[in-house]
Amino acid sequence: MSRSIVRQSKFRHVFGQAVKADQNYDDIRVSKVTWDSSFCAVNPKFLAVIVESSGGGAFLVLPLSKVGRVDKNYPLVIGHSGPVLDIDWCPHNDNILASCSEDTTAMVWQIPDHTPSRPISEPIVVLEGHSKRVGIIKWHPTARNILLTAGSDNLIIIWNVGTGEPLMTMDDHPDLIYNISWNYNGSLFCTTCKDRRLRVCDPRKNEVVAERLCPHEGIRPMRAIFTKEGNIFTTGFTKMSQRELGLWDPTNFEEPIALLELDTSNGVLLPFYDPDTNIVYLSGKGDSSIRYFEITEEPPYVHYISTFSSKEPQRGMGFMPKRGVDVSKCEIARLYKLHERKCEPIMMTVPRKSDLFQDDLYPDTAGPEPALEPEEWMHGRDADPILVSMRDGYVPPKTRELKVAKKNVLDTRPATRRSMSAVDGSSLPEQIWRNVALHHLLTSGSSAMNGCHQSPNS
């Protein structure tokens, strides 16, 4: 009898544990903007947090090792003229971060490994194409330099950051877009919108390939993410304002695979998904807990595992990519919880007695190398992420600079700057001499003409 009740899963006993107080990041003034973003982004090198700032928008970028109290004069990343609403680390380069803002622009930044001596104010590229605030920014999971932005003008723009040019624009949404999630290989993305529809979009065909009206009957904001198998996991509200989870098959949107009521609360549940373990972590703004569920192929499909609870509510949350966790401690996920004045890492661990590498907990995971070039993806190619082994832990690759070839921007610059840069040192004196001679010829000719015009009057 007990065998039929107890579900077999190696993740059934996952437990969350906050790090010790001296491992927190203290004295961070987290942004108070009323936007349902996570306000935090993390990768194996850096922690980035959107912070309060006067006169524009700013965010703080710290090396993961720089725990403890953050100096109030620590250099920020500044450049936006309005509050920053969302940030996202590039999955293929740990030193590249994208941000978007109320000032209608998105910017891409190169973050140095060393601590900068002054604020970083020069982005690599500024992406201008939206007419209203830009609230969502997402890197493509497998193609190099492909970035998606969505704004309050209801437009979705996909950019090639390497050239600074928009590749395509989608205007299928009649109202505010709440969130966007790429699927595992980046061939599709799903969106939730204020018009209460869940859509699946094919960006290269520039069309909506599937949609569902009211996956959750409540009118409050929804969230949706793709699972590795291609299903869509959603969070929303019932008519009675109870929070609800759903699992959907986008090829058959009529009935949900699973629908599960949670509790009554106002906070929108932000889902963070780990494709290697099929576990989704739910954190609501204003909640003081993180619930986590395992998604399986057997009924009831969405299995509740446990809840990590603490005393203080969270302002936002960051989710570490799998290659950044500590395999020696059987850590399968790490979340970075934002309080009002600090950031607290929370480790999700599977209890194991052995300190050897646990193959079953760590299948090969997505590495930092892109599987496709932008041109390949645009021409219809798809590829899963290039996987790396976790056996020896994660070794960060050497810093690579993002080089931007701004074709359109160069054409609008003054030609003199381009010609001077093209002139080499040996020909420079001759070039200057020619310019002087030409100037002298023109001025002497004009004075001679003036003399001719004046002679009759004299």
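How many of the residues of strand β17 (residues 189-193) are buried? I count five of its five, so β17 is mostly covered. Buried here means under 20% relative accessible area, exposed over 50% and partly exposed in between, with a 1.4 Å probe and protein chains only. Strands are DSSP runs of E with at least two residues, and helices are runs of H or I with at least four, numbered from the N terminus.

Before going on, I note that this is a predicted model: local features need pLDDT of at least 70, side-chain atom pairs count only at pLDDT 80 or more, and totals for chains, interfaces and linings use all residues. Residues are numbered from 1 along each chain as its sequence is written, and side-chain values use heavy atoms, with hydrogens and water left out.

**β17 and its partners**

I looked at both faces of β17: F189, T191 and C193 are buried on one side, C190 and T192 on the other. Next I checked pairing, which requires that DSSP finds at least two bridges between two strands. β17 pairs with strand β16 (residues 177-182) in the antiparallel sense over five bridges, and I177 stands opposite C193. Six residues lie between the strands of that hairpin, where G186 takes a positive phi near 75°.

β17 also runs antiparallel to strand β18 (residues 197-202), joined to it by four bridges. Here F189 stands opposite C201. This hairpin has three residues between its strands, and R196 takes a positive phi near 70°.

**Rings**

I then went after aromatic pairs (Phe, Tyr and Trp rings, the six-membered one for Trp, with centres within 6.5 Å; planes under 30 degrees apart are stacked, over 60 edge-to-face, the rest tilted). The count came to 10 pairs. One of them is W182 with F189, edge-to-face at 5.4 Å centre to centre and 80° between the planes. W182 is buried at 9% relative accessible area, and F189 is buried at 0%.

Y281 and Y292 make a tilted pair, 5.7 Å centre to centre with 35° between the planes. Why does this pair tie together parts that are 11 residues apart in sequence? Because Y281 lies in strand β25 (residues 279-284) and Y292 in strand β26 (residues 289-295). Y281 is buried at 0%, and Y292 counts as buried at 1%.

R220 lies over the face of F237, 4.9 Å from the ring centre, and K285 over the face of F39, at 3.8 Å.

**Cores**

Last stop: nonpolar cores, meaning sets of buried Ala, Val, Leu, Ile, Met, Phe, Trp, Tyr and Cys residues joined through side-chain atoms within 4.5 Å. The largest has 35 residues, and I28, L47, F59, V61, I111 and Y336 have the most contacts inside it. Strands giving at least two residues each include β5 (57-63) and β29 (331-338). The largest share, six residues, comes from β4.

Leaving aside neighbours within four places in sequence, I see V61 in contact (heavy atoms within 4.5 Å) with partners including F46, L47, W89 and I111.

Definitions and conventions: Lys NZ or Arg CZ within 6 Å of the ring centre and 35° of its normal.
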